[in-house]
Amino acid sequence: MTTDTGTDVFEDHRPVLMGVAYRMLGRVADAEDVVQEAWLRWSGADRAEVREPRGYLVRITTRLAIDRLRQVKARNEAYVGPWLPEPYVTDFGDTVPDTAERAVLADSVSLAVLVVLESLSPLERAVFVLREAFGYPYADIAAMLERGEPAVRQLAGRARRHVEERRPRYEVDPGRRRELTERFLAAAGEGDLKGLMALLAPDVRLVGDSGGKSRAPLRVLESADKVGRFLVGVAQKGVADLSFRFMEINGGLAVVILSAGKPDSVFQVDVFEGRIQAVYIMRNPDKLLSLAEV
């Protein structure tokens, strides 16, 4: 196998490797570092002995991500305020033509699910990602993690129960989500408390991630009244040279707020039964760097 062929093989699988690494870590920069390290391992391997490149590369990436996850968990303990995953631009396009498969991939990278995954152990998270998002058989996952298949099945069951118990309910209908997002954006931008209250579920939650580096609530806000009044207050303060654009982020529609052309924040909502159940606001400038390049 020539170097060029080896590079082509790796690049063909890079989107899958990035998908695994990001779902494991919730951070674009860390995921990119893991994928780069996987490339170094691949380039130095005896590829003539590799019978199935995709499985080999996913195994390397998963193990590297587990090691990285154990390192960053300590870092998260000192994080200021609520934590959200770094915004990840997703555009499955023609690469995932099947609607059911697309829905699974979008759900597995959603903010709601990734927040829950943070509470899993690294091994539980690896098994959940490989099984639920990418559909790997238990036997293959066991080989990747060098664990017995019964142990992997036990990890998978425990992780699945944990996620199902804690994941918020939301609809994935893109048309409905866009409609409510546009109405939410208009009401919030106008400081229309009555209009916002009509859109928000009574027990809506607002999660703001600033890392202590910009203005955002340091605690999760709960109830339509608290969330609505906070958003009206934000609108009254305003953003200098404001503009915005819609993007697909973490498998769903999001609004990127720009100040003087640079990302200032990202808003995304979860919708269920015609009401907004959750509002996510990402304002940590370190987590918005990748959006400036899109």
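Reply: The account below begins with the pocket and then turns to individual residues and the nonpolar cores.

The model is predicted, so local features need pLDDT of at least 70 and side-chain atom pairs count only at pLDDT 80 or more, while totals for chains, interfaces and linings use all residues. Residues are numbered from 1 along each chain as its sequence is written, and side-chain values use heavy atoms, with hydrogens and water left out.

The largest pocket holds about 680 Å³ of space. A pocket here is an open set of points, on a 1 Å grid over the protein atoms alone, where a 1.4 Å probe fits and protein lies on both sides within 12 Å along at least five of seven lines; lining residues have an atom within 4 Å of a point. The volume is the space filled by probe spheres set on the points, which are joined across faces, edges and corners.

The lining comprises 26 residues, and Val-234, Ala-235, Gly-238, Val-239 and Phe-267 lie nearest the centre of the pocket. By class, the lining has 17 nonpolar, five polar and four charged residues. In this division Ala, Val, Leu, Ile, Met, Phe, Trp, Tyr, Cys and Pro count as nonpolar, Asp, Glu, Lys and Arg as charged, and the others, Gly among them, as polar. At least two lining residues come from each of helix H9 (174–189), helix H11 (224–237), strand E3 (242–249), strand E4 (252–259) and strand E5 (262–272). The most is given by H11, with six residues. Helices (H or I, at least four residues) and strands (E, at least two) are DSSP runs, numbered from the N terminus.

Strand E5 also contains Asp-264. Asp-264 counts as buried because its relative accessible area is 18%; buried means under 20%, exposed over 50% and partly exposed in between, with a 1.4 Å probe and protein chains only. Leaving aside neighbours within four places in sequence, Asp-264 is in contact (heavy atoms within 4.5 Å) with Val-239, Ile-257, Leu-258, Ser-259, Met-282, Arg-283 and Leu-288. With Arg-283 there is a polar contact between the two side chains, at 2.9 Å. A polar contact is a pair of N or O atoms within 3.5 Å; within protein, one must be able to donate a hydrogen and the other to accept it, and residues adjacent in sequence count only if both atoms are side-chain atoms. The C-alpha atoms of Asp-264 and Phe-244 are separated by 9.6 Å, the two residues being 20 apart along the chain.

The loop between E4 and E5 holds Ala-260. The phi of Ala-260 is near 55°, a positive value in a residue other than glycine. Most residues other than glycine have a negative phi. Ala-260 is exposed, with 51% relative accessibility. A positive phi, near 105°, is also found at Ser-223, in the loop between strand E2 (221–222) and H11. Ser-223 is partly exposed, at 23% relative accessible area.

Strand E6 contains Val-279, which is buried at 0% relative accessibility. Beyond residues up to four places away in sequence, Val-279 touches residues including Phe-184, Val-207, Val-227 and Phe-267. Val-279 and Val-207 are 72 residues apart in sequence, yet 6.3 Å apart in space, C-alpha to C-alpha.

In the segment after strand E6 (275–282) lies Lys-287, buried with a relative accessible area of 9%. The Lys-287 side chain makes a polar contact with that of Tyr-79 at 3.4 Å, and a polar atom of the Lys-287 side chain lies 2.4 Å from the backbone oxygen of Leu-84.

A nonpolar core is a set of buried Ala, Val, Leu, Ile, Met, Phe, Trp, Tyr and Cys residues joined through side-chain atoms within 4.5 Å. The largest has 69 residues, of which Met-24, Leu-117, Phe-134 and Val-266 touch the most other members. Helix H1 (residues 3–25) gives the most to this core, with 10 residues. Apart from this core lies another, of 22 residues, among them Ala-187, Leu-200, Val-227 and Val-255.
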